[in-house]
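Welcome, and thanks for opening the viewer. Let's take a short walk through the model, one selection at a time.

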Amino acid sequence: MNRRVVVLGGSGALGSRVCERFAAAGCSVLSVSRSGARAPWWPESVQSTALELTAADTAQLRRALTGADVVVNAAAVVWRTTEASMRALHMTAVDQLIDAAGGPGARIVQLGSSYEYAPAAFGVSTKEDDPRSPTSLYGQSKRYGTEAVRRAARERRVEGVVLRVANVTGPGAGGNSLPGMVARQLAAGAAHLRLSPLTVWRDYVDVRDVIDAVLTAATAPAADVSGQVINIGGGAALPVRDLVNRLIELSGVGARIVEAADRPVLEPMPWQQLDISRARDLLGWRPARKLHDSLTDLLAAERRSHEEGAAA
């Protein structure tokens, strides 16, 4: 695959893996991030540049995208940020991306979030066109980006597809996710896990399955995917308490769960399960990794990271 790919948010947990995967597929890859940092496992074919997307103008972004066949927008913020920064990154920066990347054949793969949905009834799978709006600023701002890309695709300003991603697990899931946070603490031998109340059900998907979907969405015929929103998830809901208990059991660490009411909650959503039939129909995609293997690999990755950090 001989393509020029630019990944916004390329130094993040998901974006860095996207860069790696496209490079392995033979693409020329540029990572754009605030720091311009390079992941230590990247091949030399992955370049990087520093650009603060919340402060950049369209001209600066257009220069970064010069020659790009595909732009993957993996830039996002969740915790430890201001309302203004969230709006700037998830809303204003997406509008600028569309303007900067616009033109015949310009393919944008926007990584959306399952938190763009409002709560569904228990036992109901959420479809892409369900008319439910989120209540959190994170969900609202991410949904704005989704609609901006869809609108630009309808107007034929870009080839745009949105992957609405469920909760991510697996190696490289990121410390901001519940699985990543728990695995990191277990790798360090924590005796207590201080967590938000574990009362909800969530849909989980392995990060490697997400990246498979990104690669497919970037190369699928425009007639099949442009203007589409596609759920990427496991297709099944799981009590988050069960997920944490599975991680504890797999780790062999006798950690005790401490649920704290003052811990942040992203969206007051008791249940979420994504309908992933559109991903199957349009992309030929379905999750390939079992949750047990995903959690096992996540723990192994966090243990390696902890050991390397201790040895440094």
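In what sense do strand E2 and E3 pair, and over how many bridges? Select residues 28–33 to find E2: its pairing with E3 is parallel and runs over five bridges. (Strands, labelled E, are DSSP runs of at least two residues and helices, H or I, of at least four, numbered from the N terminus; two strands pair if DSSP finds at least two bridges between them.) Now pick Ser 31, and you will see Ser 48 of E3 opposite.

A word on the model: it is predicted, with local features needing pLDDT of at least 70 and side-chain atom pairs pLDDT 80 or more, while totals for chains, interfaces and linings use all residues. Residues are numbered from 1 along each chain as its sequence is written, and side-chain values use heavy atoms, without hydrogens and water.

Next, show the whole open sheet: seven strands in the order E3-E2-E1-E4-E5-E6-E10, with parallel pairing. Strands E3 (46–50) and E10 (229–232) are at the edges, each with a single partner strand, so one side of each has no neighbour in the sheet.

Then select helices H1 (13–24) and H6 (207–219), which pack at about 55 degrees with axes 10 Å apart. (Axes are lines fitted to C-alpha atoms, for helices over the stretch in contact; angles run from 0 to 180 degrees between N-to-C directions.) Finally, display the side chains in this contact (heavy atoms within 4.5 Å): among them are Leu 14 and Phe 22 of H1 and Ile 211 and Leu 215 of H6.
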